[in-house]
Amino acid sequence: MSPRPELASVVHEGRGGPLILELPQLPDVAATVRRFADWPDLILFDSPLQRPGLGRYSILTADPLQRWTRQTPQFGVDPFAELRSVLTPWQSESLPDEIPFGGGLAGMLGYELGRCFERLPTSRDDEFALPVAAVGWYDWALVWDHELHRASVIAQGWPETNPASRRSRADQRLRQVLATLDGPVAAETDRFRVPPLPTTDLAPQFSAPGLPNLTSNFSRPAYLAAVQSVIDRIYAGDIFQANMTQRLLHPYSGSPLDLYAALRRCNPATFAGLYLRDDWAVISASPERFLQVRNGEVDTRPIKGTRRRRPLPEADLYTRDELRESDKDQAENVMIVDLLRNDLSRVCAAGSVSVPQLCDVETYETVQHLVSAVRGRLRPGQGIWDLLAATWPGGSITGAPKVRAMEIITELEPTARGPYTGSLFYLTPDGGFDSNLLIRTFVQRSGWLQCSVGGGIVAQSDPADEYAETLHKAAGMLHALREARPR
């Protein structure tokens, strides 16, 4: 199929071989995703909420050339060994600065991947058995630039290396993408329309507030007791902070695309995303970046400290000021900043690690957060996979000291976290990298939605307040589920 005449003139060859096409009209992100619903391994990095300097891009890709899955972690085995050299033949290539990703590696890393790097206990229950890593090598991308209000399709022509063959393959992929953009909405497969896994196959569940049929892996008294256990260990000198999570479950055999469309309307976020792989899906409205790397410069933005939004503007401003001045929330945030400074120092140049933002308040649809920024510069010889090994999993969703906090998390939380508090990420041939932390995230499999919510526990924490905070964090997610579930 030939490209439409009005598009043919804007197709040009980028440096090193990619074809880049700027679309004459800006397509709607959610509607475009539906057109690619039958393409395998679809992944979307989305920014329905834009902020100054953040949320500039949305990126869609699918149908990878190659895929990798690691089902379970094994201590001492490098989980990235097969990925380290995939992009090596293309490292001399680059795209225009305004295109952050035009093909490369993209996928999901789960929380339990940390057991590859540290000797940690195994969770008591892992009923949904999701992989700890799922990655694809993608040869094209559709990129929305929300700042410049334009969108471009990039096709790389991989894995061909001969210039003429590569150009031909890139042209073929570009036409395929254009035909899908011009075509009807794709019919979704039935892979998610399955009856819920029987509750007898699940860890014990307890009724949770918010929706009919919503359950948790904790009863309220049990969650309060777990928080108190963390506080007791802090006073005993065992740890300074640990992140405690409850996993909410709701039966759902509907479309993950319907749910994601509702989520980006009800709870827009800067680091949102969608990943459809095999018979499971990750549907995220994350407000938190994990790691970004550009030209060897590393940036991470930990969130610690939360308040529920108030309906009256005056009350909302009061809540913002209360959060900013809270000793408890500042302590929670600063501890994680120190942890991340230590993690980055393992792979960054001496003296390069800095904290340009500390405990600033950021406002989202249902909550306000304290957000900091930590930056560093990778040492020569240290790459993305070394950085991930040094920092995985994120400090803001574990605690300090990190390894001891993770041991306590596994002891107290009844079930494996899976993708929750893991990451969606992409990596380009020239070393560009970006990733979120999978909080405010649904994970769909076996007729169920997981929606885990938690918070950092410090010495000043009150168990009842911490339980209430988890429900505040879930509010936007449950609103989206009400909008999306079949009537």
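Me: What makes the crossing of H4 and H9 right-handed or left-handed, and which one is it?

Reply: In this predicted model, the crossing of H4 and H9 is right-handed. That label is used when the near helix is turned clockwise from the far one by less than a right angle.

Me: Why are H4 and H9 called roughly antiparallel to each other?

Reply: The axes of H4 (residues 220–235) and H9 (residues 402–412) cross at roughly 150° and come within 11 Å. Angles over 145 degrees count as roughly antiparallel, so H4 and H9 get that name.

Me: Which residues make the contact between H4 and H9?

Reply: H4 brings Ala226, Ser229, Val230 and Arg233, while H9 brings Arg404, Ile408, Glu411 and Leu412. Sorted by class, that contact has 4 nonpolar, 1 polar and 3 charged residues.

Me: What volume does the largest pocket have, and which residues are closest to its centre?

Reply: The largest pocket holds about 980 Å³ of space. Its lining counts 45 residues, with Tyr57, Pro100, Gln292, Arg294 and Tyr426 closest to the centre. Among the elements giving two or more residues to that lining are strand E4 (57–61) and strand E15 (289–294). By class, the lining splits into 18 nonpolar, 15 polar and 12 charged residues.

Me: How many residues line the second largest pocket, and what classes are they?

Reply: There are 21 lining residues, and Gln91, Gly383, Ile384, Leu427 and Gly431 lie nearest the centre of the second largest pocket. Its volume is about 330 Å³. The classes come out as 10 nonpolar, 9 polar and 2 charged; Gly counts as polar here.

Definitions and conventions:
Residues are numbered from 1 along each chain as its sequence is written. This is a predicted model: local features need pLDDT of at least 70, side-chain atom pairs count only at pLDDT 80 or more; totals for chains, interfaces and linings use all residues. Side-chain values use heavy atoms; hydrogens and water are left out. Axes are lines fitted to C-alpha atoms, for helices over the stretch in contact, and angles run from 0 to 180 degrees between N-to-C directions. Helices (H or I, at least four residues) and strands (E, at least two) are DSSP runs, numbered from the N terminus. Angles under 35 degrees count as roughly parallel, over 145 as roughly antiparallel, 65 to 115 as roughly perpendicular and the rest as oblique. Contact means heavy atoms within 4.5 Å. On a 1 Å grid over the protein atoms alone, a cavity is a set of points where a 1.4 Å probe fits but cannot get out, and a pocket is an open set with protein on both sides within 12 Å along at least five of seven lines; lining residues have an atom within 4 Å of a point. Grid points are joined across faces, edges and corners, and a volume is the space filled by probe spheres set on the points.
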